[in-house]
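Subject: Structure handover

Hello,

Here is the structure I promised to pass on. Please open it alongside this note; my findings follow below.

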Amino acid sequence: MEAMEDDSSEVKDDHNHNYCGGKVRAALSSQVPDGVGAPEPVCPTVPGGEPAKRQAKLWSGSPRGSKFMDSDTGSENSEVSEPDCSAASTEDKFRLDSTSKFRKGPKSRVLNAMAIEDYRKNHWPNLEEAIDRLLIQNLSDHISVSYAQIYGYVYKCVCQQHSELLYSDLTSKITAHLQQVSTQLQASPTENLIENFNIALTQYLASLQCIVPVFIYLNKFYIESKLNRDLKEDLMKLFADHVAEEHLRKLMPLLIKAHSMPFQVHPSTMASVVKGLYSLRPEWAQLAPALFSSFIPQIHPPAVESQLHDYADRDRKLQMELSMKGFPRGDQSRKRASEDS
């Protein structure tokens, strides 16, 4: 009986069909027959990530077979389980960006085309729908979006080497949305431009708080490692290029005018717009230092002792301007008696 088992050259598929991210309790390196290398992991494990497609692995090259621990029961058997993806200790054991090439050959090109077709039909449509809902949501709306499901689609795309394609589709989608926002602002009345710009910026920042976390896997394994950039910074730059810069020449004079006439625009709106512009591009503060310095500290250079008289003159001039516009200096009747003597 043992001889028959030893002569068997086939190993049956593991009845458990372990996932890519499952725990394989046997030490592969110590139990693999001589001359047979351990298989490369097909994808990395990430907490909460989606497992890869189940796959059966067959060992050959040794007449005796190999014994492994069953991943569920802990018992020994002659069946082979999927390798634990966490066994990869170095980055070059798994390559997650889509720039890695398939091996040359007609079969590989067919597999590559099939993988891209699967991405186009199954993965990206679901992600596109979720991105649309996150971008157009109102602050008062409560949209039901499964962030775990979105993260799962992103995880699969990165594991299947579609990182470059996914990043291109994501930025193109958001760019198209921002171009629509810019068109809507162009049709906005001048007296409402500051308020409408603030609404667009606030809504976009709220959307990024949802989009960036679920694309963190793409950010870590492609944008940061391959492009040496950050996803949030890239998406903020898109708003600066396609919305803020398009309306800056019209918006800045309105902000300066509103700043010279207190309460013409609500103070919270003024602060939100000015701080938002500064976060998009700090160099815009040099276009109106007096405006930005009212909401952001350290816009002006540090004070020097030789200019103290100039600072005092500016304060007196400001007080006179406010007094001429009807702003009282305060209730002088409540001064202490000692101050009158």
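D234 is buried, with a relative accessible area of 12%. Bear in mind that this is a predicted model. The side chain of D234 meets that of R229 in a salt bridge, 3.0 Å from N to O. R229 counts as partly exposed, at 38% relative accessibility.

Other salt bridges

The structure holds nine salt bridges. One of them joins R281 and E245, at 3.3 Å from N to O. R281 sits in the loop between α9 and α10, and E245 in helix α8, so this pair ties together parts 36 residues apart in sequence. R281 is buried, with a relative accessible area of 17%. E245 is partly exposed, at 40%. Both belong to a network of salt bridges that also includes K237 and D241.

K173 pairs with E128. Their closest N and O atoms are 3.5 Å apart. K173 has a relative accessible area of 19%. The cut-off for buried is under 20%, so K173 counts as buried. E128 is partly exposed, at 29%.

The nonpolar core

The largest nonpolar core has 66 residues. Which residues have the most contacts inside it? They are F197, F215, L277 and F292. Elements giving two or more residues to this core include α3 (106–135), α4 (147–159) and α6 (193–214). Helix α8 gives the most, with 13 residues.

Take F215 as an example. Leaving aside neighbours within four places in sequence, F215 is in contact with L127, I131, V154, L166, L170 and L231. In soluble globular proteins, nonpolar side chains tend to be buried together.

Helices α5 and α7

Helix α5 covers residues 163–186 and helix α7 covers residues 216–226. Their axes come within 10 Å and cross at roughly 110°. The two helices are therefore roughly perpendicular to each other. From α5, S163, E164, L166 and Y167 meet L218, Y222 and I223 of α7. By class, this contact has five nonpolar residues, one polar and one charged.

Further along α5

Q180 also lies in helix α5. Is Q180 buried or exposed? Q180 is exposed, with a relative accessible area of 52%. The C-alpha atoms of Q180 and H242 are separated by 9.5 Å. Along the chain, these two residues are 62 residues apart.

Best wishes

Terms used:
Residues are numbered from 1 along each chain as its sequence is written. This is a predicted model: local features need pLDDT of at least 70, side-chain atom pairs count only at pLDDT 80 or more; totals for chains, interfaces and linings use all residues. Side-chain values use heavy atoms; hydrogens and water are left out. Axes are lines fitted to C-alpha atoms, for helices over the stretch in contact, and angles run from 0 to 180 degrees between N-to-C directions. Helices (H or I, at least four residues) and strands (E, at least two) are DSSP runs, numbered from the N terminus. Angles under 35 degrees count as roughly parallel, over 145 as roughly antiparallel, 65 to 115 as roughly perpendicular and the rest as oblique. Contact means heavy atoms within 4.5 Å. Ala, Val, Leu, Ile, Met, Phe, Trp, Tyr, Cys and Pro count as nonpolar, Asp, Glu, Lys and Arg as charged, and the others, Gly among them, as polar. A nonpolar core is a set of buried Ala, Val, Leu, Ile, Met, Phe, Trp, Tyr and Cys residues joined through side-chain atoms within 4.5 Å. Buried means under 20% relative accessible area, exposed over 50%, partly exposed in between (1.4 Å probe, protein chains only). A salt bridge is a side-chain nitrogen of Lys or Arg within 4 Å of a carboxyl oxygen of Asp or Glu.
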